[in-house]
Amino acid sequence: MEKIISVLILLLFCSQLIHSKITPPFRFRIVTWNVGSSEPDCETFEQLAFSSTSNNIKADLIVFGFQEAAKKIFGSNSFHKTLKKCLQSNHYTMILSDYVGSDLIKPIWLYMFVSTTMLQSQRVNLLKINTELTMKVYQDKFFENIIGYKGIIASRLQIDNITNMIFANMHLPAGEGKIVERCKLLTKFLHTYLRNSVQDDYMFVFGDQNWRTINTMSIDNILQAIQTKNYQSILNNDELTRMRQYNDTTQCLKTFYEAPITFPPTYKYFVNTDTYQTQRNYEDRRPSYTDRILLSNLSKDIRLIQYSAMNDIKISDHRPVFADFHLHRSTNKNKSVKKSNFVNHN
């Protein structure tokens, strides 16, 4: 009887293998960085894309979210050209580049690069939001719509014909205490997304979200905590952390997941130094975790490998932040997908 049961289990397993193709993990990296109008070279872009990779295995997909990038009204966009050429030399193809902003000033960029191998395998497809490949949401102010310094841009992908993901890069309103303004823009984005009647397995929200360390912690205590690597004490006084835990009146991102933070505040540094700028116009400026990456939900299919900052990139007053993920899921051959052409807004 036990042999019969064993044979039946083996047959069931073989049947499942026939109907479900097990694919290798899909590896992807999200990078967010407020570049502060700097002009990174190829070496810097390579560091953003490939440093600290798990087992030295590069990502299949790299998603870049840049803020305050290439704010040159005149002249060529060397930022864009350098990034594209650099990743191409490392065998990656740019499948999407688009921005929130005016035609003259393009500060909030979303880029997606796929490895040559992954591109040939056709495991990655761009999906539309309504009729467009990107969704753009601006702050309500009239001049923000023209200049575009604050806003959100998002795009969707389907992996292995089964897993839908949306990536949203953002630059939220700045300033200590402006939680309502930041949540207002985030809520506007989420409502716009829901109105388009799309469903995704995962949503990633990242960017210069501008959450600040509140004045319940002095600058001296913050600097001391950084020196001793007691980052949790700073996070206990972080606007986003406290809002998600305690605030019932103004709330956004409460249901999203953020990995534990094990790196120092990413803003605001004096450029090309490790020194924080703690005063401006005689007003206190507390080191803060302005640059964040959050995920709508966790499941057995997705694994967050690492969440960290790149503290040796110092050409901006912000430090870049990145997160690496592995997606594990069987391919569903029967699920149809409407493929989209890759888009580049040069």
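This briefing describes the packing, aromatic pairs, charged contacts and disulfides of one protein structure. The model is predicted, so local features need pLDDT of at least 70 and side-chain atom pairs count only at pLDDT 80 or more, while totals for chains, interfaces and linings use all residues. Residues are numbered from 1 along each chain as its sequence is written, and side-chain values use heavy atoms, with hydrogens and water left out.

**Nonpolar core**

- The largest nonpolar core has 46 residues, and those touching the most other members are F28, I30, L61, M112, L157, F167 and F204.
- A nonpolar core is a set of buried Ala, Val, Leu, Ile, Met, Phe, Trp, Tyr and Cys residues joined through side-chain atoms within 4.5 Å.
- Buried means under 20% relative accessible area, exposed means over 50%, and partly exposed lies in between (1.4 Å probe, protein chains only).
- Apart from neighbours within four places in sequence, L157 has contacts (heavy atoms within 4.5 Å) that include L61, M112 and F167.

**Aromatic pairs**

- A pair of aromatic rings is described by the distance of the centres and the angle of the planes.
- Rings of Phe, Tyr and Trp (its six-membered ring) pair if their centres lie within 6.5 Å; planes under 30 degrees apart count as stacked, over 60 as edge-to-face and the rest as tilted.
- The count by this rule is 19 aromatic pairs.
- F64 and F113 make an edge-to-face pair, with 5.9 Å from centre to centre and 80° between the planes.
- This pair links distant parts of the chain, 49 residues apart: F64 belongs to strand β3 (residues 61–67) and F113 to strand β5 (residues 108–115).
- Helices (H or I, at least four residues) and strands (E, at least two) are DSSP runs, numbered from the N terminus.
- F64 counts as buried because its relative accessibility is 0%, and F113 counts as buried because its relative accessibility is 0%.
- F263 and Y289 also form an edge-to-face pair, at 6.0 Å centre to centre and 70° between the planes.
- F263 is buried, with a relative accessible area of 2%, and Y289 is buried, with a relative accessible area of 0%.
- Ring pairs join F45, F64, F66, F79, Y99, W109, Y111 and F113 into a cluster.

**Charged side chains**

- A charge sits over a ring if NZ of Lys or CZ of Arg is within 6 Å of the ring centre and within 35 degrees of the ring normal.
- K136 lies over the face of Y99, 5.3 Å from the ring centre, and R319 lies over the face of Y269, 3.6 Å from the ring centre.
- D317 is in the loop between β14 (302–309) and β15 (321–327) and is buried, with a relative accessible area of 14%.
- Beyond residues up to four places away in sequence, D317 touches T266, Y267, K268, Y269 and V271.

**Disulfides**

- There are two disulfides, each a pair of cysteine sulfur atoms within 2.5 Å.
- The sulfur atoms of C42 and C86 are 2.2 Å apart, and this link is right-handed, with 75° about the S-S bond.
- C42 is partly exposed at 28% relative accessibility, whereas C86 is buried, with a relative accessible area of 3%.
- The sulfur atoms of C183 and C252 are 2.1 Å apart, and this link is left-handed, with -70° about the S-S bond.
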